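Hello,

Here is the structure I promised to pass on. Please open it first, then read my notes below.

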Amino acid sequence: FIPVVLETLSAQAGYELDQVTPCNVTVTDYKCVTRFGESFIYTESYSLYMISISVLFQAILFISCGSLADHGNSRKKFLLSFSFVGALSTIAFITVVDPKLYWLAGLFTIISNCCYGAAFLFFLAYIPIFSRCHSDVIKAKHSGASSAEIKALEDKIATQLSSYSMVADLTGGLVVLIAGLGILLAMNDLTNSIGFRLALVLCGVWWLFFLIFPTMWLTSRPRPPLTRGVNYFVYSWKRVGKTLMSTRELWQTMKLLFAWFFISDGQNTIITVCVLFGKKTLGMSDTELSIFAIIVPICGVIGMSLLPLYAILGFWLPFGLVNKWEVWMYLVLFGLLVGSLQGYCQACFAIILPEGHENEFFSLFQITAR
């Protein structure tokens, strides 16, 4: 929903290519520019700029907080704090009633995206922790099982937890997207972003509601505190630097991060660009764009590959992502690929990272994912 909100608001406050005439957003194929600092950029580029800036801040935030959460009682506090701020900033999109405040929507994008990424980081770090604290593992230790058997059991449980969380993620996202589609159909407003902003309110409220459960029941599980006198602002950066310097000892982990970078970069880029491409180039309606987004989680658990090759054919042939029906087909197949690989990489990483450094290593995992 966010790329469409940013593009629509910036277009409503933007100008035709002469940079003087107000943008006519009532036509489906409008091409307009908006102010970005002292210069002008295309309205669809504004969405991409804001998301890119948020990713830059994400990288800084992940490194700054990751290792700190591996000490003391910070992990739960970080998880809940970022989640509450992220949910509220998502709801805050509804306050942008004047298109001239499109910059404020960009600010909410940066805040909500950073907080969502950080909250997801601290959530993922619980998977290996829970696998070591699982009742089956405790029973195995008390029964005198060997260290190899216990490690195999922990790996199995970590894989299960990762898979279950992935299914819950896709299911919850699908419910919210379908509900958001209902809002758009009820609003039936093709020239305003109010329907999409109300859908974002729903996302934020959904997020807040399910925070009730970890707030009440999630165990803190404190780790050893930081050494007295340690600088909180530079500690995580030093830890990450030390980790990167030990690449030879962690070669399998680094190879996974390297591979995950290419997979997740393609996923995040294509989903955002596809929404803008469908809206501006193919003239898709709000309803079509919402169905567009729903297709990915529906198909995200099956898995396929080699899809970019088909799109490349469009440079020379009359098919290859140049027709509307092909975009629908491409999105279905892309969803099949991404869902399976994302869950697989997440589970692998939960298994191989060092004990006691869960948040530090998942901060690297999240950075390469962005």
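The accessible surface of the protein is about 18300 Å². Carbon and sulfur atoms account for 69% of that area. Keep in mind that this is a predicted model.

Overall make-up first. The protein has 370 residues, and 45% of them are buried. Its secondary structure consists of 15 helices and two strands. I also looked at contacts between residues at least 6 apart in sequence. Of these, 73% link residues at least 24 apart.

Now the cysteines. How many disulfides does a search of the whole structure find? One. The partners are Cys-23 and Cys-32, with an S to S distance of 2.0 Å. A bond of this kind is covalent and runs between the sulfur atoms of two cysteines. The torsion about the S-S bond of Cys-23 and Cys-32 is about 80 degrees, so the disulfide is right-handed.

Are the two partners buried or exposed? Buried means under 20% relative accessible area. Cys-23 has a relative accessible area of 11%, so Cys-23 is buried. Cys-32 comes out at 0%, so Cys-32 is buried as well.

Two further cysteines are worth a look if you plan your own checks. Cys-133 has 32% relative accessibility and therefore counts as partly exposed. Cys-203 is partly exposed too, with a relative accessible area of 21%.

Next, the strands. Strand β1 covers residues 33-36, and strand β2 covers residues 39-42. They pair in the antiparallel sense, over four bridges. Which residue in β2 is the bridge partner of Val-33? It is Tyr-42. The hairpin of β1 and β2 has two residues between the strands. In this hairpin, Gly-37 takes a positive phi near 70 degrees. One general point for viewing: side chains in a regular strand alternate between the two faces of the sheet.

Where does Phe-196 sit? Its place is in helix α8, which spans residues 194-210. Phe-196 has a relative accessible area of 3%, so this residue is buried. Ile-183 lies 13 residues away from Phe-196 along the chain. The C-alpha atoms of Phe-196 and Ile-183 are 8.1 Å apart.

To recap the cysteines: the disulfide joins Cys-23 to Cys-32, while Cys-133 and Cys-203 are partly exposed.

Best wishes

Note on methods. Residues numbered from 1 in each chain as written. Heavy atoms only, no water. Buried < 20%, exposed > 50% of the residue type's maximum accessible area, 1.4 Å probe, protein only. Disulfide = S-S within 2.5 Å. Pairing = 2+ DSSP bridges. Contact = heavy atoms within 4.5 Å. Areas by Shrake-Rupley, 256 points an atom, 1.4 Å probe, with all protein chains shown as cover.
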